[in-house]
Amino acid sequence: MPDINLSPMTAEQTALNRRRKMAEAMQQQAIAPIEMPNVAGVKISPYQGLAKLLQGYLAGKSLEKADTEQKQQESDYLSDLGFIMRNAGKTTPATAAIPEQVETIRTPNVANQNLQEVALRQTTMRDPNAAINPFEKQIDRSQLGNIAALPAENIEERVTPAVPAMAASPLLSPDLLSGNNANNYIKTSAGKMALAQYLMQQQAQQQAAAQRSQEIKSRNPEEDLYRIVDGKVEILSAGKPKATLPKWEKSSQFDADGKEIMGWVNTNAPDIPASFVKGTEKPSMTESQRLEAELKLFATETEAAKAADVGRTPTKFTRLPKGVPVGAKPTGGKTTDGKDVYELNGKKYVGD
């Protein structure tokens, strides 16, 4: 719920305070002593005392009415706040579209049916010259075809217009601040001010969220370009995942018989327990992992040398022989069979 000012000064409260001050001033006048006349021989009228009593009575009634109005106003204001808090963030249910509906209505045409019945009866008489009902009109035989073609029922199509779909709309909207809507739902001016402040803060939050949704960010290790839209991550450009070299640490597992098996796990693997390799020696890198590690080390050293000496001689990348750990440097020496000797951390290595 946004921060809402719970005690705004309104026209109703200002008028109520003004009436209260007038009643208190009248009450002070009522309890003030009657001033004695300074002219000799002039007496105090007995009606002055009655006037003081009446003035005090009216002042008391005015204060009592002001207290009642104050309580009612506070009650109405709390009711308005309850209405705002109950409906904050809620929307009307969305309705689906209703297509246009065509309904066919059939009603019998009594006049045509009666005429056809009379024509049928007159044509089926054995004696064409026999007397007919005096209330019936003699039908000419040339009209029988037209009478038979008359519709026996009336057909009418009733069309119900289509109703468009209605999207969900917030229960609290600026429409509640004007017209009859304000009087039907919000009782006090203080409640209207609270609703107006809520709507303005909500609009500010929506604008801030819209601005944040346009901000493009990047994240590691994939270096994805993304932005936040409606609280969800929207990927704009997926980066290439960075390969992670294995990092082996000693571990152990228990077999089905409860026997502990010593081995190693790769702490950089997505599923660390599944990377368990038994044995006392640390697992060696695969060929692709060795190549990647050598390339990364070469790139790091090249960048460092480039920063130290711009005019340096370009360094050529050379693969390390198998069996030589990554980071070892050639010593310049060779074995009796002509293999290069490498050194790392004071230890010497010869490739296989």
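Is D340 buried, exposed or partly exposed? D340 counts as partly exposed, at 35% relative accessibility. This is a predicted model.

**Salt bridges**

A search of the whole structure finds five salt bridges. Side chains of opposite charge can pair when their charged atoms come close.

| Pair | N to O distance | Relative accessibility |
|---|---|---|
| K334 and D340 | 2.4 Å | K334 55%, D340 35% |
| E153 and R106 | 2.8 Å | E153 35%, R106 52% |
| K61 and E64 | 4.0 Å | K61 41%, E64 47% |

K61 and E64 sit three residues apart in helix α2, about one turn of the helix.

E153 pairs with R106 through their side chains. This pair links distant parts of the chain, with E153 in strand β2 and R106 in strand β1, 47 residues apart. R106 is exposed, while E153 is partly exposed.

**Around N109**

N109 lies in the loop between β1 (101-108) and α3 (110-123). N109 is classed as buried because its relative accessible area is 15%, below the 20% cut-off. Its side chain reaches the backbone nitrogen of N112 at 3.2 Å. Beyond its sequence neighbours up to four places away, N109 touches P151, A152, E153 and N154.

**The largest nonpolar core**

Twelve residues form the largest nonpolar core, among them Y77, F83, L172, I186 and Y198. Helices α2 (46-87) and α6 (189-213) are the elements that each give two or more residues to this core. The largest share, five residues, comes from α6.

Note on methods
Residues are numbered from 1 along each chain as its sequence is written. This is a predicted model: local features need pLDDT of at least 70, side-chain atom pairs count only at pLDDT 80 or more; totals for chains, interfaces and linings use all residues. Side-chain values use heavy atoms; hydrogens and water are left out. Helices (H or I, at least four residues) and strands (E, at least two) are DSSP runs, numbered from the N terminus. Buried means under 20% relative accessible area, exposed over 50%, partly exposed in between (1.4 Å probe, protein chains only). A polar contact is a pair of N or O atoms within 3.5 Å; within protein, one must be able to donate a hydrogen and the other to accept it, and residues adjacent in sequence count only if both atoms are side-chain atoms. Contact means heavy atoms within 4.5 Å. A nonpolar core is a set of buried Ala, Val, Leu, Ile, Met, Phe, Trp, Tyr and Cys residues joined through side-chain atoms within 4.5 Å.
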